[in-house]
Each structure stands twice: as structure tokens, then as C-alpha cells.
There are 2 protein chains.
Amino acid sequence: MLKKLENSKEACDIHHRAIRDTMDILSGKWKLQIVGSLSLGKKHFGGLMAHIDGIGAKMLSKELQDLELNGLVKRTVYNTKPITVEYELTSYGNSLQPLVDEIVAWGMQHRRKLRDKD
Amino acid sequence: MLKKLENSKEACDIHHRAIRDTMDILSGKWKLQIVGSLSLGKKHFGGLMAHIDGIGAKMLSKELQDLELNGLVKRTVYNTKPITVEYELTSYGNSLQPLVDEIVAWGMQHRRKLRDKD
DNA sequence: CGGCATCCTCGTAGATACTG
DNA sequence: CAGTATCTACGAGGATGCCG
């Protein structure tokens with residue numbers, strides 16, 4: 001463990017680049033909510049629409065494509081009568097779970113904090 | 001532990017609200033990088049500018065104000081010859097550390113993954 | 001049902017110049 | 001050094017309508 005250069009300029013850059021990488025993929029208003037939603041189980045397009053309150057079809061479609069491109073989400077089309085499409089997290093998408101958990105945990109704790117103060 | 005309604009509509013809403021709350025506070029291109037930067041120690045305005053590659057004075061200023069409003073960052077002005085200002089994480093700001101760690105960890109793992117694939 | 005095309009709006013963010 | 005002011009551009013994101 002010769003990690004003695006932790007505070008070097010280089011280490012900081014790696015640090016920041018990692019933050020940037022993650023945020024590039026999860027940026028925007030909706031991606032994390034979509035991931036959070038799918039982490040509870042696969043869903044249809046319409047199901048996601050209903051579940052994510054506020055999102056429009058265009059946004060959802062676009063965000064899902066982004067997530068699919070990054071290998072986080074798998075898209076499956078079924079040739080049912082009116083076509084249906086199912087989205088689910090890939091195993092890679094599931095690797096975001098601890099991250100999502102932290103975000104949820106912090107958000108809940110934050111809301112509690114605000115209530116106590118006001 | 002009667003958390004048996006985990007999958008209820010209500011629980012989902014709380015879930016999503018928490019994600020939304022957190023992202024509202026950490027949204028934007030820079031906030032997480034600023035937090036990450038300050039988590040390594042207090043810094044001057046100029047220090048942050050230099051450390052965060054790419055950010056402009058206006059953005060940095062605005063983002064810092066946001067973070068201060070949310071109680072994540074403490075701003076201290078020193079009446080030195082040319083005025084200097086120091087920024088540091090509050091204890092509340094430090095509560096984001098595990099979150100930031102997860103983001104960094106995932107970002108680094110993601111970059112590794114991409115390298116292996118290409 | 002899923003989702004693309006079009007149009008439009010508004011916020012975000014950059015460049016530059018200026019102040020205390 | 002640490003901002004603020006102004007001006008501008010771009011793109012995220014919403015509304016609507018059409019298509020497989």
C-alpha cells in the first residue's frame with residue numbers, strides 16, 4: 001500500500017475526473033430518478049412515466065437512451081398488440097445501487113434536518 | 001421493524017423525493033467538485049479556481065453561495081491587505097463525504113471498465 | 001403504447017470588463 | 001485577491017402533434 005502520493009496534484013486530478021465521469025453519466029434532472037425507479041424492478045415506458053412524476057415522454061425517452069448507451073439499462077421490445085417496451089437495470093446499472101442509496105439516505109436526513117430547524 | 005410497506009406508493013415517493021432533494025442541492029456541473037475539493041482542506045477562492053480546472057469566477061462564486069446557503073460551506077473573510085476569503089466544509093458539508101466517496105469510487109471503476117473494453 | 005419531430009422558452013454558463 | 005455586472009449563446013427541457 002504505497003499510496004503515499006494521495007495528496008499529490010495527480011491524485012487530485014484523478015479524484016476530480018472520477019467525479020466528473022460519474023456526473024456526466026448521471027447528469028440531468030432525471031437519470032438518477034430513473035435508475036432509482038428501475039432499481040425497484042423492471043418497468044414499462046408508461047410505468048416509468050407514471051412513477052416519475054413530472055417527466056415528459058421526450059425527456060424520459062432521451063434519458064433512457066443515454067442510460068442504455070452507457071450500459072446501465074437494458075431495453076426489451078415485445079411485439080405485443082400495441083407494442084410494449086420493458087426497461088430494466090443491467091448488472092452494471094445495479095452497481096450504482098450503493099451510490100443511489102447514499103443519495104437517498106442523505107436526502108432523507110437532510111429533509112429531517114430542515115424540519116427540525118424550522 | 002415494521003417496515004413492511006417498503007414497496008408502497010408512499011415509500012417510493014419518499015425515495016424519489018430524497019433523490020430530488022439531494023440533487024437539487026448538488027446539481028450543476030460544479031458543486032460536487034467543489035465539495036470534493038474542500039473535503040481535502042480549506043481553500044481560498046483563488047485556490048479553488050486553480051484546483052477545479054475549467055470553472056470561471058462567476059460560476060465558482062455562485063456555486064459557493066448556493067452551498068453556503070444550504071449550510072454545507074463556511075465562508076470566512078480576512079481583512080488582509082488584498083482581501084482574502086477562505087472556504088471550508090461545515091460539519092454538515094462533511095456529511096456528504098460518504099456520498100462523494102461513492103461517486104469517486106464508481107467513476108474510477110467506470111473508467112477502468114471502459115479501458116478494459118476498448 | 002412507445003417514441004420521434006418540431007417548435008419554443010428559459011435557465012445555465014462562458015467571456016469580458018469593472019470595483020473594493 | 002475576490003468578487004460583481006453585463007452581454008451573449010447554447011442547450012436542457014416542456015408542449016404538441018404525428019407515426020409504427
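How many salt bridges does the rule find across the interface of chain A and chain B? In this predicted model, the rule finds 2 salt bridges across that interface, a salt bridge being a side-chain nitrogen of Lys or Arg within 4 Å of a carboxyl oxygen of Asp or Glu. Chain A and chain B bury about 3900 Å² between them, of which 67% lies on carbon and sulfur atoms; buried area is the accessible area (1.4 Å probe) that two parts lose on being put together, summed over both.

Residues are numbered from 1 along each chain as its sequence is written, and chains are lettered from A and ligands numbered from 1 in the order in which they are written. Local features need pLDDT of at least 70 and side-chain atom pairs count only at pLDDT 80 or more, whereas totals for chains, interfaces and linings use all residues, and side-chain values use heavy atoms, with hydrogens and water left out.

**Interface of chains A and B**

- The interface brings 37 residues of chain A into contact with 37 residues of chain B, where contact means heavy atoms within 4.5 Å.
- A:His16, A:Tyr92 and A:Trp106 supply 18% of the area that chain A buries against chain B, more than any other three residues.
- Between the two chains, 10 residue pairs are in polar contact (both at pLDDT 80 or more); a polar contact is a pair of N or O atoms within 3.5 Å, and within protein one must be able to donate a hydrogen and the other to accept it, while residues adjacent in sequence count only if both atoms are side-chain atoms.
- On the side of chain A that touches chain B, the elements giving two or more residues are α1 (9–26), α2 (31–38) and α6 (97–117) of chain A, with helices (H or I, at least four residues) taken as DSSP runs numbered from the N terminus.
- The largest share of that side, 13 residues, comes from α6(A).
- By class, the side of chain A that touches chain B has 19 nonpolar, 11 polar and 7 charged residues, where Ala, Val, Leu, Ile, Met, Phe, Trp, Tyr, Cys and Pro count as nonpolar, Asp, Glu, Lys and Arg as charged, and the others, Gly among them, as polar.

- The axes of α1(A) and α6(B) (residues 97–117) come within 7 Å and cross at roughly 85 degrees, the axes being lines fitted to C-alpha atoms, for helices over the stretch in contact, and the angles running from 0 to 180 degrees between N-to-C directions.
- That angle makes α1(A) roughly perpendicular to α6(B), a term that covers 65 to 115 degrees.
- Residues making this contact include A:Ile14, A:Ala18 and A:Asp21 of α1(A) and B:Val100, B:Trp106 and B:Arg111 of α6(B).
- The residues of this contact divide into 10 nonpolar, 4 polar and 3 charged.

**Salt bridges**

- B:Asp21 and A:Arg111 meet through their side chains in a salt bridge (2.7 Å, N to O).
- Over all chains, a search of the whole structure finds 12 salt bridges.
- Within chain A, A:Asp66 forms a salt bridge with A:Lys31, and the closest N and O atoms are 3.6 Å apart.
- This pair links distant parts of the chain, with A:Asp66 in α4(A) (residues 57–69) and A:Lys31 in α2(A), 35 residues apart.

**Packing of α2 with α4**

- In chain A, α2(A) and α4(A) pack at an angle of about 75 degrees with their axes 10 Å apart, and are therefore roughly perpendicular to each other.
- A:Lys31, A:Ile34 and A:Val35 of α2(A) make the contact with A:Leu60, A:Glu63, A:Leu64, A:Asp66 and A:Leu67 of α4(A).

Notes:
Parallel < 35°, antiparallel > 145°, perpendicular 65-115°, else oblique.
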